[in-house]
Structures are given as C-alpha cells and as structure tokens.
Amino acid sequence: MNNKENKTIQKRGLGAKASRRLGNTVVYVLLILMTVIWMFPFFGIVLESFRVETTGQVSYMWPKQFGLDNYTRLFKETDFLIWFRNTGIMGVATAVFQTFFILSMSYVLSRLRFKGRKALMNLMLILGMFPGFLTMILIYKVFADLGLTMNMAPVGLIIVYCASSGMGYYVSKGFFDTIPKSLDEAARVDGATRFQVFYKVIMPLSKPIVIYTILMGFMAPWGDFMLASYLIHENSAGMSVAVGMFEWLSKTNVNTHYTMFCAAGVIVAIPVTLVFLMLQKYYVEGVTGGAVKG
Amino acid sequence: MKRLNDLDYLKLNKASAFLYKLKLFFCSVPSYFKKLGLAILTLFKNCGLAVKDEFVDIITTFTKGNWAVKLSFLIFGFGNFYYGQILRGILFLVFEAVFFAYMFVPSGGLYWLSKVNWFQKGATVGTVQGKFEYDMIYDTDIWVPGDDSVKVLLYGLLTVIFIVAFVCTWRMQVRQCRICMNITAKGKKVKSGKDDLRSVLDDQFHKTLLAIPLGGIFAFTVLPIIYMVLIAFTSYDAAHDGFSNLFSWMGFDHFNELLDFGEGGLGVAFGEILSWTLMWAFFATFTNYFLGMFVAIMINKKGIKIKKFWRTILVMTIAIPQFVSLLYVAKLFGSSGLIGKALIDWNWLPDSMLAANQLSLWQNPIASKILLIVLNIWVGIPYIMLMATGILMNIPQDLYESSRIDGASVWQQYSKITLPYMMFVMGPYLLTSFVGNLNNFNVIYLLTQNNQLINTELGTPGGVSVTYTDLLITWLYKMTLNSTDSKYYMASIIGILVFVVVAVLSLVVYNVIPSTRNEEDYK
C-alpha cells in the first residue's frame with residue numbers, strides 16, 4: 001500500500017516536470033509572439049522614417065532606398081522644431097508644478113486628519129465624473145480674453161494641465177498610506193511641527209513617488225491631443241507636437257507627409273523613451289505600489 | 001428567501017449551488033434599492049438637522065452674547081478686535097469692506113446679478129444687444145458693442161459665489177467671537193495673531209498645503225463645471241455666441257430635444273452612441289484586465305528567464321507618446337497600409353465587405369469596432385501587466401504550496417486564489433478604468449479620425465456627422481470644435497448625462513465590491 005502510494009507520487013512528480021517544461025515552452029512561444037506584435041509598429045516607424053523612394057504610404061515594409069531625407073525635410077521645411085521646443089517647455093513646467101500640486105494634496109489627504117477630509121475626497125471623486133473636456137468651453141473663452149490661446153497656447157496649456165492636477169492624487173496617496181504612521185508620531189513627540197514632519201521625515205522617504213509624479217507630469221503634454229487642439233486651433237507657432245503632427249496624416253496631407261510623420265515620431269519618441277526607461281524602476285514602483293489602492 | 005447554512009450549502013450539487021447563488025443575488029436586489037433609498041433619505045434628514053442646528057446656534061449666540069459679539073453680527077471681526085485677535089479682525093474687516101465695495105460700485109456685483117435674468121425662460125442673458133449703427137464721422141455703419149452673454153453669466157456666477165463666501169465668512173466670524181467669549185469667561189487666553197501665524201506650519205498645516213491645489217481645482221474645475229451646467233439651460237451656440245447675438249434661457253427645451261426619439265430629435269443618435277460607448281467601455285476594460293493579468297502570470301511563471309526583458313518590452317510602449325503609435329497603427333490597417341493591403345492581397349476580408357466595396361477594416365461598422373477593441377488591448381495590456389505583477393508578488397506563496405499539496409490543479413489555483421485576490425485589490429481600479437474608457441478620447445479619436453466611417457442613417461446630430469465608432473466624448477468634442485454650429489448647449493447636456501451614467505454606475509459598484517469599504521485597512 002505504502003509502496004504503491006510512493007510510486008504514484010513519483011510518477012506524478014515526473015509528469016509534473018515534463019508538463020512544466022511543456023508549459024514553459026508554450027509560454028516562451030507566446031512571449032516571443034507578443035514581443036513581435038508589440039515591437040512591430042516601432043520597427044515599422046523607424047524603417048518608414050528612413051524611406052526615400054516615396055513620401056506617402058506604401059504596402060511593403062523594407063525601404064527600397066535608405067536615407068535621411070525625411071529628417072532634413074523635417075527640420076528645413078516645417079515648424080517641427082518650434083513644436084518640439086513648445087512641448088519640451090510644457091513638459092518641464094508641468095512636471096514641476098504638477099508635482100507640487102499633487103504631492104501636497106495627497107500628503108494632506110493621506111497623513112493628516114482634519115474635519116471635512118472625507119467630504120473633500122468625495123467631492124473630488126464626484127468632480128472627476130464630469131468629462132473634463134467640457135471645462136474647456138469656459139476656459140477657452142477666458143484664456144482668449146487674456147491672450148493665452150493661439151501663439152501663447154503653451155502657457156495656457158501649462159496652466160490647464162497643472163491647475164486641476166490636485167485631483168489626480170490617488171496614486172501618490174496610495175504611496176503615502178504605506179509609510180508607517182509611527183514615524184510621524186515619533187517626530188511629533190520630539191517636538192517637530194507638522195511642516196517639519198512633512199519636510200524632514202516623509203519627503204526623504206518618498207523619492208520613488210516624487211520621481212513617478214515628475215515623470216507623469218513631463219509626459220502629459222507629449223501625449224495630450226484633446227485639450228491642446230482646443231486651445232491652439234490652427235496656429236503653428238503655438239502648437240505642440242501632437243497637434244502639429246496630427247494634421248500630417250489627414251487625407252489631404254498623408255501622401256506628402258507620411259514618412260516625415262514617422263521621422264518626427266522617432267525624434268519625439270527618443271527623449272521620452274530614454275527618460276522613461278531610465279526611471280522605469282520608479283514608474284513600476286508607483287504603479288504597482290499606489291495605483292491599486294484607489 | 002431562506003438562507004442555507006454552510007453545511008447545507010456544501011451538500012448541494014454544482015448546478016443547484018449555482019441556482020441558489022443566483023436566487024440569492026436577485027432576492028437581494030430589492031433590498032439593495034431599499035437600502036439606497038433609505039441612505040438618501042437619511043442624508044436629507046441629516047442635512048435638514050444640520051441646517052436647523054446652525055440656526056439655533058446663531059440665535060443663541062445672539063441672545064447669549066455680550067455687546068461685542070452682538071455688534072460683530074454687523075461689523076466683521078469686531079469681536080476679534082475686542083478679544084485682542086487683531087490679525088483675524090483685520091482680515092475679516094477687510095473682507096467685508098471689499099465685499100460691499102464690490103457689490104455696490106457701478107457695474108459691480110448687483111449690476112451683473114440684475115443682468116443675468118436667472119432662468120427666466122425666453123429672457124436673454126445680458127440686456128443690451130450689440131448692433132450696427134450709422135456713424136457720422138466715418139460715414140458708415142459701425143459696431144456698437146452691447147453685453148457679452150458669456151461674460152455676463154460668468155460675472156453673475158462669480159458674484160453668487162462671492163455672496164455664498166460672504167455668508168460663510170460671516171457665520172465663521174460669529175462663531176469665533178462666541179468661542180472667544182467662552183474662553184475668556186473661563187479665564188483662559190485666546191489665540192494671538194502670533195499663534196495663528198505659527199499654526200500655519202503646524203496645526204493648520206493641511207490648510208496651507210491645500211490652499212493652492214484647491215484654489216486651482218476650484219477655478220479650473222468647479223467653476224467651469226457649474227458654468228457648463230448653466231449653459232445646458234441656455235441657447236449658447238455659434239449663432240448665439242453671446243457677443244454678436246445674446247443667448248437666452250431655454251429651460252429644459254434642449255434636454256427634451258436630446259431625448260426626443262421622433263423626427264428632428266436626437267434621441268436615436270444619442271441612444272446609439274450611448275450604447276456603443278457602454279459596450280466599448282465594458283469590452284475595453286475587461287479584455288485588458290483579463291489578458292493583462294494573463295500576461296503578468298505568464299511572465300511571473302516559475303522557470304521563465306529574463307523576466308525583466310519581457311517587462312521592458314511592454315513598458316516601452318507606455319513611454320512612446322500615444323499619438324505617434326496610435327496614428328501609425330491606424331494607418332497600418334488602412335486600405336493602403338501594410339496590414340490592410342496584406343488582408344486584401346491574401347483575400348482575408350469577408351466577401352460581404354468586398355461586395356460592399358469596403359476595402360479596409362475601418363470601412364465596416366462591425367469590423368472597425370472589433371478592431372478598436374483589439375488595438376486597445378495592444379495599448380492597455382502593459383499598464384495592467386505592471387499592476388498585476390505587483391499584486392501577484394504580494395500573494396503569499398504558502399497559499400499555492402498548501403493548495404498544491406491538497407491536490408489543486410493550476411486552474412483551481414487560479415480561480416480560487418489568484419483571481420479573488422486580484423479582484424479584491426483591483427476592484428477600485430477596474431471601476432476607474434471603466435470610467436476612463438467611457439471617456440477614452442485618445443484611442444478612439446486618434447485611431448478613427450483619419451479613417452472616418454460616417455453613420456449616414458443618423459444624419460448630423462448636433463450639427464456634426466458622427467461615425468459608427470464615436471463615443472459620447474468624441475461626439476461632444478466634434479460638436480464644440482469641428483462644427484460650424486458649435487452647439488455648446490448640447491455638448492453641456494451630453495456632459496451632464498455622461499456624469500449621470502458614471503455616477504449611477506459608480507454608486508452601484510462601490511456598494512458591491514468589498515475593497516472600497518475601508519481605506520484604513522491597508523495600513
């Protein structure tokens with residue numbers, strides 16, 4: 001009896017090993033397939049950007065003739081550099097201000113207890129349910145009066161991106177929630193003011209979330225199309241890359257601008273991707289640590 | 001319905017256990033609504049009680065207070081001065097002075113308030129219509145500007161908010177006077193201006209930190225949202241832009257137009273777009289969720305090497321700005337794109353599409369919807385994968401060990417351990433991502449704008465032509481930006497309805513999923 005049981009366990013053990021190897025092979029195949037699918041567009045864009053034989057869209061992948069024509073055209077014939085500069089400025093400014101807004105908001109909601117805290121959080125939850133785009137109707141009117149649209153749109157957009165950013169406190173609040181309360185209490189017992197607790201105790205511990213917030217702020221203007229297109233209209237000097245490049249793929253422009261779009265895409269993607277990959281560790285920490293706690 | 005105890009429940013076979021659960025769920029629905037109704041009733045009751053308390057408190061403050069407190073009912077901060085809180089006294093007094101100055105100067109608060117004609121149906125917002133008048137000097141008609149409805153409404157709204165702030169401040173300083181009186185009566189000292197300044201970085205530190213972010217939220221979210229709600233009751237559009245033509249109050253007329261399913265109403269278009277929006281949000285959220293989790297489990301599987309590499313590949317797609325990758329991918333599937341052309345050459349398009357001369361997936365209503373959901377998986381999986389990885393690592397490994405010893409299969413481990421755990425932690429995220437997908441402008445607009453497939457059966461609802469794949473958010477975007485009519489009022493109404501949909505959904509979900517109950521649990 002005992003012997004028999006032993007045997008079955010042995011048999012199952014062997015089977016499990018074999019089946020695990022099989023399982024791993026399947027997983028590897030799936031992962032490689034996935035890598036191909038996910039990387040395919042990026043290779044496509046890079047190859048497309050070096051294509052010389054045509055400026056429009058073609059149905060084969062490998063360029064017949066490689067060259068830098070698209071890049072030289074990009075810098076000589078278009079306002080791309082202006083758009084790039086605009087977006088860069090917006091990215092840096094948004095990163096700075098947004099970080100300040102979000103961190104103070106989330107710190108207060110996470111670590112301080114005061115009257116009306118719950119009500120405040122509920123209010124922001126409810127406000128978040130309105131489509132944010134609609135606020136642009138009024139903001140556009142006011143900004144137009146103040147001269148913050150068209151050429152000055154980058155300034156207006158920085159204000160729009162930052163002003164309400166306090167509502168996106170969830171991720172960093174989740175992070176602050178994980179820092180033990182006893183640290184604050186110990187510091188308070190030692191006579192620190194709340195400001196000192198914030199500045200000298202919590203902030204040094206919060207490097208990952210600070211970097212995460214900066215990263216998110218920096219990336220926001222690169223990806224935003226909806227709000228930017230509203231404030232900028234068709235004014236080239238105030239455009240961000242997203243709004244400027246969007247027009248290149250419209251039905252009238254696509255045949256002359258398609259490969260140039262890809263070249264511009266490569267140039268836009270390089271700095272953002274580099275920054276992102278460098279700080280990836282913090283991004284992953286932010287997303288996995290904070291986002292799921294709501 | 002009778003609840004079974006655990007033992008009886010375990011005795012049931014699978015089918016009847018399922019039936020039992022189903023019955024339990026449906027039986028709980030009425031009681032759920034009853035609970036909801038009760039909660040709302042209690043809310044109202046509590047509000048009423050709070051208001052009553054306030055009034056009682058104000059009256060007792062007046063009757064029991066000394067002359068300084070009584071005088072502070074009229075002169076802001078008088079009590080503060082009396083009890084030696086000079087700093088607060090000055091602030092209150094200045095506030096009162098500014099308020100009255102603003103209200104009574106010519107073209108101040110009262111002037112704007114009187115111009116708005118609040119909610120009088122048919123009345124214009126603003127009273128003086130600008131017009132062309134003959135001018136002797138230039139010998140031609142020149143434009144004599146009148147009121148600008150947009151401005152009139154904005155200033156009117158700001159004035160109302162100022163009045164509310166005034167009443168609140170009045171209430172605050174009256175209460176403070178009373179507290180001062182009570183403290184002095186006990187023989188203690190009231191807080192000095194120095195104490196106040198010190199507390200800015202200490203006891204009141206939350207106010208210091210919150211001041212700027214909340215100010216921003218008020219000016220750029222709260223105020224515009226209230227304004228937008230008001231706009232929904234007016235006729236603000238390109239023809240009535242408020243400047244060259246005043247717009248007027250319409251009551252619920254436009255709401256009726258949107259919900260009118262007959263000829264000339266927008267009901268049919270609205271219903272169609274809303275149903276696709278909901279369908280899209282559902283599929284986009286859940287396909288991403290399950291597939292992202294699946295990918296995370298695959299990468300985390302024991303024995304899989306270079307985990308970091310696989311993750312980095314996916315994370316890179318987050319780094320590259322969406323408009324680059326999405327616009328490119330949209331073109332790939334176009335009729336002259338790499339994949340689109342291949343589909344034609346290899347005869348992979350269904351005959352029904354070829355017969356209708358639809359040469360790319362974007363040109364078929366159903367195919368384009370499916371394609372959008374598939375492409376959204378491509379966009380969304382990396383995020384979910386990252387999040388799920390974090391959670392997977394947190395699941396105690398001994399759970400898996402002990403279940404394996406008990407003979408659980410991989411599928412059982414997944415459905416009994418992994419999934420419930422994930423559901424618990426990611427419940428709130430699922431809701432936010434559902435709401436995010438309802439308003440997912442980027443994916444829909446960037447993928448379909450250059451491959452428009454106009455839904456001609458719907459005509460031009462709200463002055464714009466809509467595609468089969470338009471969400472409510474892209475519809476209202478087009479309405480305000482891409483159209484010559486610019487029906488702002490209709491955009492506002494749609495915005496309000498989006499809010500209603502989201503609010504109802506959230507309310508239900510928040511009451512169902514367990515992990516939203518207690519935030520302190522995580523600590």
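Which residue takes a positive phi in the hairpin of β1(B) and β2(B)? In this predicted model, the residue is B:Asp139, with a phi near 55 degrees. Four residues lie between the two strands of the hairpin. Strand β1 spans residues 131-135 of chain B and pairs with β2(B) in the antiparallel sense. Five bridges join the pair. One of the bridge partners in β2(B) is B:Ile142, which faces B:Glu133 across the bridge. Strand β2 (residues 140-144) of chain B is hardly covered. Among its five residues, the count of buried residues is zero.

Chain B is divided into domain 1 (6-63), domain 2 (65-251) and domain 3 (267-515). The C-alpha centres of domain 2 and domain 3 of chain B are 43 Å apart. Nine residues from domain 2 of chain B and 10 residues from domain 3 of chain B make up their contact. On the domain 2 side, six residues are nonpolar, two are polar and one is charged.

The two chains also touch. Contact between them involves 72 residues of chain A and 76 residues of chain B. On the chain A side, helix α1 (residues 2-49) gives the most, with 12 residues. By class, that side of chain A has 46 nonpolar, 19 polar and seven charged residues.

Helix α10 (residues 207-223) of chain A has 17 residues. From first C-alpha to last, α10(A) reaches 25 Å, close to the 24 Å expected at 1.5 Å a residue. Of the 17 residues of α10(A), 13 are buried, so the helix is largely enclosed by the rest of the structure.

Methods: Residues numbered from 1 in each chain as written. Chains lettered and ligands numbered in written order. Predicted model: local features only at pLDDT ≥ 70, side-chain atom pairs only at ≥ 80, totals over all residues. Contact = placed C-beta atoms within 7 Å. Nonpolar A, V, L, I, M, F, W, Y, C, P; charged D, E, K, R; others polar. Expected span 1.5 Å × (residues − 1). Buried ≥ 20, exposed ≤ 12 C-beta atoms within 10 Å, placed from the backbone. Domains from an automatic or database assignment. Pairing = 2+ DSSP bridges.
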